[in-house]
Amino acid sequence: QNRQQQHFEQRPFDEIEFVTTAPCMAEQAHYSQILAQYRQALSELSPETQEIVRLHHVEGFSQPEIARKLDKSLSWIEKSIAKALTHCRNRISDIDY
């Protein structure tokens, strides 16, 4: 291990300082608009695809786990996620990071 890793591992989590900056009102409005567009795009997907996206991106299930859980092929799950992401990207306008 390098010295930096050793130092980090020795520090208790509650002693680590986090630096955050609050977004300005314009940024908050911009991100709220993007979030609304994502929600709309996700609502346009089939209920089954919404479930797959939720399991993968919200609950952290792997694609093979989702395939087993829903009794679908891994390929079908992979394609469903890819199509959902493509749909969302196509529906989101004016994303300027």
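Mentor: Terms first. A crossing is left-handed if the near helix is turned anticlockwise from the far one by less than a right angle, and right-handed if clockwise. Helices (H or I, at least four residues) are DSSP runs, numbered from the N terminus. This is a predicted model, where local features need pLDDT of at least 70, side-chain atom pairs count only at pLDDT 80 or more, and totals for chains, interfaces and linings use all residues. Residues are numbered from 1 along each chain as its sequence is written, and side-chain values use heavy atoms, with hydrogens and water left out.

Trainee: OK. In which hand does helix 2 pass helix 5?

Mentor: Right-handed.

Trainee: And what's the angle between helix 2 and helix 5?

Mentor: About 135°, with the axes 9 Å apart. Axes are lines fitted to C-alpha atoms, for helices over the stretch in contact, and angles run from 0 to 180 degrees between N-to-C directions. Helix 2 and helix 5 are therefore oblique to each other. For the classes, under 35 degrees is roughly parallel, over 145 roughly antiparallel, 65 to 115 roughly perpendicular and the rest oblique.

Trainee: Which residues meet there, between helix 2 and helix 5?

Mentor: From helix 2, Tyr-38, Gln-40, Ala-41 and Leu-42. From helix 5, His-87, Cys-88 and Arg-91. Contact means heavy atoms within 4.5 Å.

Trainee: Switching to helix 3. Which residues are buried?

Mentor: Thr-49, Ile-52, Val-53 and Leu-55. They cover an arc of only 165° around the axis, which puts them on the same side of helix 3. The arc is that of the directions from the helix axis to the C-beta atoms. Buried means under 20% relative accessible area, exposed over 50%, partly exposed in between (1.4 Å probe, protein chains only).

Trainee: What's exposed on the other side of helix 3?

Mentor: Pro-47 and Val-58.

Trainee: And what do the buried residues of helix 3 pack against?

Mentor: Helix 2 (25-43), helix 4 (63-70) and helix 5 (74-91). Take Thr-49, with a relative accessible area of 15%. Leaving aside neighbours within four places in sequence, Thr-49 is in contact with Ser-80 and Ala-84.

Trainee: Now Ile-77. Buried or exposed?

Mentor: Buried, at 0% relative accessibility. Ile-77 is in helix 5. Not counting residues up to four places away in sequence, Ile-77 touches Ile-52, Gln-63, Ile-66, Ala-67, Leu-70 and Lys-72.

Trainee: Last one: what comes just after helix 3?

Mentor: Gly-60, with a positive phi of about 80°.

Definitions and conventions
Helix = DSSP H or I, 4+ residues; strand = E, 2+ residues; numbered from the N terminus.
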